[in-house]
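Hi there,

Here is the structure I promised to pass on. Have a look, and then read my notes below.

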Amino acid sequence: AEAGSSSTSANNLINNLPDSIKEQLSSAAVEHIRAEGAKLFETGKNILAAGQASPWHLQTLCFVGGFALCTTGCLGFINILNALSFVVNPPAFFIELYLIFFGFITMVVEMPPVKVGLISKPLDRFKNDIHQWCKFLTLLSGRGCFYIFQGTLALAQWTFVNFILGAYMFFVGLLCLATAYNTKKKMTDVKIQMKNLGGESDELMMKSKFDEFDADGSGTINTSELGALVNSFGVNLTRDELAHAMQTLDSNKSGWIEYNEFAEWFKATNFNQFV
């Protein structure tokens, strides 16, 4: 009762204040919220930057997350079967199945090329099928959204292990989105600078630039040569951004960029190729 009367008295005191003071209090509250929001946003940017500067490749982080999802999903599935709790809580049963399946898909998508006898061909074929059926997984931003979704599923199980794993997948998904966005922004800057150099003949300038950074004269550009080309315009790509740019420009997935692929990127009017 005393607490209720104190709250009422406080409300009455505020209501009796002059309008000018109320407005000042309101504007001060808005400024405080805005300042706290800016701090939170800056903290998020710093966390993402730290993740991008990690010695671990983004692809490795994603693969580890998929493996962990698959493993914990299998253990959770076994526990549910042993306790027969799927009768009482069927959503948990199906979420564990989804985590196993999505974790396995993540592992296959993020797995580096495997050249081990009988394993490599089936894996490559299955990976190609996944990309054929789920086009969004060919895009880094699409995979980022997929990993965030997986993270929310893990968080929905509401156990300590799943909470940690869900937060991890959510963070990895944000890293994917940040990397895709930054790569788009930086490569767009490179394209604009190249077009400004083009003058009357973009074709000649484009071929000249390509040949200039084709250091071994192979008629193709590899990852390090692409990095050197981008750096020549004052643009620095992180390791993961460079890998993403390479994968995007290498449309036939040969492992290097041919001149026609380079020209296709340069001439494209769509600036959303990297997201």
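Residues are numbered from 1 along each chain as its sequence is written, and side-chain values use heavy atoms, with hydrogens and water left out.

The average pLDDT (the predictor's confidence in each residue, from 0 to 100) is 78 for the chain, and 69% of the residues score at least 70. Where pLDDT is low, the predicted coordinates should not be read in detail.

Now to the rings: the structure holds eleven aromatic pairs (rings of Phe, Tyr and Trp, its six-membered ring, with centres within 6.5 Å; planes under 30 degrees apart are stacked, over 60 edge-to-face and the rest tilted). Tyr 98 and Phe 102 are stacked, because their centres are 6.0 Å apart and their planes at 15°. Phe 102 is buried, at a relative accessible area of 15%, whereas Tyr 98 is partly exposed at 44% (buried means under 20%, exposed over 50%, partly exposed in between, with a 1.4 Å probe and protein chains only). Phe 102 also pairs with Phe 101 in a tilted arrangement, 5.9 Å centre to centre with 50° between the planes. Phe 101 is partly exposed, at 48% relative accessibility.

Best wishes

Technical notes
This is a predicted model: local features need pLDDT of at least 70, side-chain atom pairs count only at pLDDT 80 or more; totals for chains, interfaces and linings use all residues.
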